[in-house]
Structures are given as structure tokens and as C-alpha cells.
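Okay everyone, thanks for coming.

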Amino acid sequence: MKLDHIFDSLSIRAEPFALCEIEGVCRVTLKPEAAVTLHYVLSGHGTISIANNEPIPIEAGSLVLVPALQRHEVRNNDTFAAPKPECRPAELQLRHVLEVAEDDPSPDTRILALCAHVTIGLEGASNVVELIREPMVFHRCEESVLNPIVTGLLRELSTPTIGSRAMVRALLLQATIEMLRRRALSGDSALHWMAALRDPVLWRALRLLLDNPGGAHTVQSLADVSGVSRSVFAQRFADAYGSGPMQLLRELRMQRAANLLGTTDIPVKRIAEMVGFSSRSAFTRQFETKTGLAPREYRKSRVPG
């Protein structure tokens with residue numbers, strides 16, 4: 001499957017959930033999310049730090065895709081930003097996250113960012129974008145197609161009217177596609193999964209992992225589904241995706257568990273079984289290693305307020 005055909009088959013959804021404002025020299029630590037998170041900076045300058053990676057400079061027009069279950073921190077450098085219209089997120093059913101430095105800074109020194117959960121599906125498999133394990137960053141340039149998108153988003157956020165939430169989703173969708181195709185063309189390592197999707201042999205196994213991460217999968221069983229030997233499958237998977245299938249499986253299981261913990265009241269022991277663990281203690285250890293929180297703590301952190 002060629003990359004162009006992959007894009008043609010993608011079903012992409014960007015669901016905005018918050019408008020974040022950071023005023024003055026301060027930093028905001030964001031909890032790990034079960035879904036991939038997109039931060040689209042509408043104004044200001046600063047940095048975003050994700051897991052153990054070096055801080056990434058951000059400015060108006062920057063898009064940052066944060067892999068699932070990665071804690072990250074946004075810092076405002078308090079550099080001058082052109083005044084922006086006051087936004088009305090409540091009318092768009094968005095959470096308003098406001099952090100203000102103690103020295104009561106000028107409102108012209110704020111970072112304003114629209115935050116969304118991103119999902120991508122292909123040929124019936126859901127959440128393909130959850131395969132991204134590395135941060136993905138895209139910055140606009142002087143003639144970037146993102147420039148009018150920023151303007152459009154600010155307009156919808158400051159003067160919401162009928163259809164504004166749908167328009168915000170559509171603009172975020174356009175920005176997401178632009179970022180994905182530019183990063184794919186540049187060979188971004190965060191898009192290894194696209195190389196795997198181009199191989200029909202690997203796609204059969206990849207789809208099985210995505211659809212049923214709790215299954216009793218082994219390298220041999222995945223090779224059997226793919227119709228090749230174990231050694232051939234393991235090598236082709238590593239070449240295309242950058243790691244072995246069992247490492248990917250562990251990550252998909254943690255993402256699935258985090259989603260269940262955050263959206264249901266299913267007991268932790270049952271969730272552990274659903275994502276392929278026979279031992280609740282083993283599940284708890286791996287989940288805490290991945291997120292920094294025990295399953296019960298993670299569930300409590302998802303409760304609003």
C-alpha cells in the first residue's frame with residue numbers, strides 16, 4: 001500500500017477538549033492521557049517537555065502530537081505576544097485551563113493553546129495513531145497553510161456561533177492532516193507505523209494487535225496469521241516499525257487499560273484480565289512503570305474536579 005493510498009483510507013478525528021492559557025513565567029504539568037493529545041499553539045512562545053526528551057520550542061502555529069500515556073509540561077517563557085481576542089471556551093463546551101504567574105503578568109505575555117484528542121482509523125482498525133511512540137512536532141513557516149487555520153480557530157473561539165464547534169473540529173482535522181503528510185514526507189521516525197501499513201503481510205498482524213490487544217499473542221502466532229516464518233516476520237516487523245511486536249503489544253495493552261480506567265468503573269482486576277494479564281500485581285507494576293501512577297491513582301486522577 002502506497003502512502004498516498006494510506007492517507008486516502010484514513011479516517012481522522014480530532015476532538016477538542018480544552019483551551020489552555022498560561023500567563024507569565026510559569027509551567028504547567030499535564031497528566032498522562034489514554035489517548036494521543038494534540039496541542040495547537042495559537043499565540044505566545046515557550047517550550048513543551050515530553051517524558052525524557054529535550055524541551056521543544058513552541059510558538060504560534062506549532063502543533064505537537066504527544067503519544068498516549070506520556071506526562072508532559074508546557075512552559076511559558078513570558079516573551080511578548082501580540083494581543084489576541086478573548087476566547088469563550090465554555091460556549092464551545094471546552095474546559096478552560098488557566099495558569100497565572102504570581103507576579104500578575106500582562107495578558108499580552110500568554111501562551112494560548114487548543115488541546116484535542118486525536119484518533120485515526122484505517123480499514124476497520126481503530127486508533128492507529130496510538131502507534132506513535134515519539135513526540136511529533138510541526139512548526140508553521142511564513143507561507144504555511146497553517147496561518148489561516150490559526151486565524152480561523154481564533155475567530156471561532158472568540159465569537160462562537162451556530163456550528164462553531166464543528167468548524168473547530170474541521171480546522172483541527174485540516175491541521176492534523178497537514179502535519180502528518182509533512183512529517184511522513186520528511187521520514188519522521190514517529191511514523192514508523194505507516195511503513196508497516198504499506199506491507200500487507202505486516203498489516204494483518206498489526207490489525208490483529210490493534211483490534212484485540214488482550215489476546216494471547218506470540219511472535220509465532222502473529223507470524224502464522226501473516227503467512228510467513230517466525231524469523232521473517234520478526235525481521236520485517238522490526239525493519240518497518242522499529243521495534244519487535246511484543247514491545248508494541250505491551251504499549252497497546254497499557255493504552256487500552258488506561259482508557260478503561262478513565263471511562264468505566266470496571267474493577268482493576270477485571271481490566272488486567274481484559275488486556276492480557278493473569279496477575280493483577282504484574283499488571284499494576286507495568287502500568288505504574290508506564291504512567292507513574294498505580295491503576296487506582298490513575299482512575300482517581302481522571303475524575304473531574
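Let's start with S158, which sits in helix α2, the stretch covering residues 146-158. Keep in mind as we go that this is a predicted model. So, is S158 buried or exposed? It counts as buried, because its relative accessibility is 12% and the cut-off for buried is under 20%.

Now look at what the side chain of S158 is doing. One of its polar atoms lies 2.8 Å from the backbone oxygen of L154. The S158 side chain also reaches the backbone oxygen of R155, at 3.3 Å. And if you skip residues up to four places away in sequence, S158 touches P85, E86, C87 and R88.

Next up is T291, over in helix α10, residues 280-291. T291 is buried too, with a relative accessible area of 5%. Its side chain reaches a backbone oxygen, and here that oxygen belongs to L293, at 3.0 Å. Which residues is T291 in contact with, once you leave aside its neighbours within four places in sequence? Those are P32, L69 and R71.

L69 is in the loop between β6, residues 63-66, and β7, residues 72-76. The thing to spot is its backbone: phi is positive, about 65 degrees, although L69 is not a glycine. L69 counts as buried, at 3% relative accessibility.

There's another positive phi to show you. Q93 has a value near 60 degrees, and Q93 isn't a glycine either. You'll find Q93 in the loop between β7 and β8, with β8 being residues 95-100. At 65% relative accessibility, Q93 counts as exposed, because the cut-off for exposed is over 50%.

Last stop, a pair of helices. Helix α5 is residues 200-211, helix α6 is residues 219-226, and their axes come within 8 Å and cross at roughly 125 degrees. That angle makes α5 oblique to α6. The crossing of the two is right-handed.

Who meets whom there? From α5 we have V201, R204, A205, L208 and L209, and they meet L222, V225 and S226 in α6. Sort the residues of that contact by type and you get six nonpolar, one polar and one charged.

That's my tour, so over to you for questions.

Key
Residues numbered from 1 in each chain as written. Predicted model: local features only at pLDDT ≥ 70, side-chain atom pairs only at ≥ 80, totals over all residues. Heavy atoms only, no water. Helix = DSSP H or I, 4+ residues; strand = E, 2+ residues; numbered from the N terminus. Buried < 20%, exposed > 50% of the residue type's maximum accessible area, 1.4 Å probe, protein only. Polar contact = N/O pair within 3.5 Å; in protein donor to acceptor, adjacent residues only side chain to side chain. Contact = heavy atoms within 4.5 Å. Axes fitted to C-alpha atoms, helices over the stretch in contact; angles between N-to-C directions. Parallel < 35°, antiparallel > 145°, perpendicular 65-115°, else oblique. Left-handed = near helix turned anticlockwise from the far one by under 90°. Nonpolar A, V, L, I, M, F, W, Y, C, P; charged D, E, K, R; others polar.
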